[in-house]
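Here's a quick walk through a protein model, meant to be read with the structure open beside you.

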Amino acid sequence: LLALLQHDFAAIVLDIRMPGMDGLELARLIKGRRRTRHVPILFLTAHLMDDKDVLAGYQAGAVDYLTKPLDPEILRTKINIFADLHRVSQALSETNQQLQKEVIERQQVEQKLLEANQQLESRVEARTQELVQAHAVLAASEERLRIALDAGRMGTWELDSLLRLCHIEEVQCSLLGLPPGTRSLALDTLLSITHPEDDELV
């Protein structure tokens, strides 16, 4: 029992007749512990057992009976089978633990990705709100400029410096004395109709 607390066993060979505590009682104690309940037990007996004794042994946790005198080769063969099963079980357990570890790691990565996506979405949403507000401010500013220009009968124009072409509004067209509907004119034409005192400034 002390050895079972410190080591793992592939199988246990117990004599049924032992002083102080018989094999059946010891088997019940072994099977009563969570850590050792799955360890297979092989009972040794020096005499023929009736069905009742055999049933008691199996109920106590026996997986096989060996009758004395023992054939060492048979005993080795049976123990080797349980040892192989134990090694396979350990390998499966290690594989399962590794898989569980990988699952946990993957879940952690997925959680971090989820948090990163949520942060990114929050930033995008905040940036979008900033752009919407900026657009609203710009639109309001442009509307105030339009109202001011209309009220002051002032016009605006844009200069394409590469093509040396001016794009003008209707009010500016009227102020310059150009034919109605004129939307653009060459820079040289604009300069030709500028008042002489404004040439240098223009």
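Arg164 sits in the loop that joins strand 4 (157-160) and strand 5 (165-168); helices (H or I, at least four residues) and strands (E, at least two) are DSSP runs, numbered from the N terminus. Its phi is positive, about 55 degrees, even though Arg164 isn't a glycine. Most residues other than glycine have a negative phi. Arg164 is partly exposed, with a relative accessible area of 41% (buried is under 20%, exposed over 50%, partly exposed in between, using a 1.4 Å probe and protein chains only).

## Where the numbers come from

This is a predicted model, so local features need pLDDT of at least 70 and side-chain atom pairs count only at pLDDT 80 or more, while totals for chains, interfaces and linings use all residues. Residues are numbered from 1 along each chain as its sequence is written, and side-chain values use heavy atoms, with hydrogens and water left out.

Which residues of helix 2 are buried? In this helix (residues 23-31), they are Gly23, Leu24, Leu26, Ala27 and Ile30. They're on the same side of helix 2 because they cover an arc of only 160 degrees around the axis, taken from the directions from the helix axis to the C-beta atoms.

The largest nonpolar core has 14 residues, and those with the most contacts inside it are Ile12, Leu14, Ala27, Ile30, Ile41 and Phe43. (A nonpolar core is a set of buried Ala, Val, Leu, Ile, Met, Phe, Trp, Tyr and Cys residues joined through side-chain atoms within 4.5 Å.) Two or more residues each come from strand 1 (12-15), helix 2, strand 2 (41-45) and strand 3 (62-67), and helix 2 gives the most, with four. A second, separate core of seven residues includes Ile168, Leu185, Leu187 and Leu190.

Then go to Thr45, which lies in strand 2. Thr45 is buried, with a relative accessible area of 4%. Setting aside neighbours within four places in sequence, Thr45 is in contact with Ile16, Leu66, Thr67 and Lys68.

Definitions and conventions: Contact means heavy atoms within 4.5 Å.
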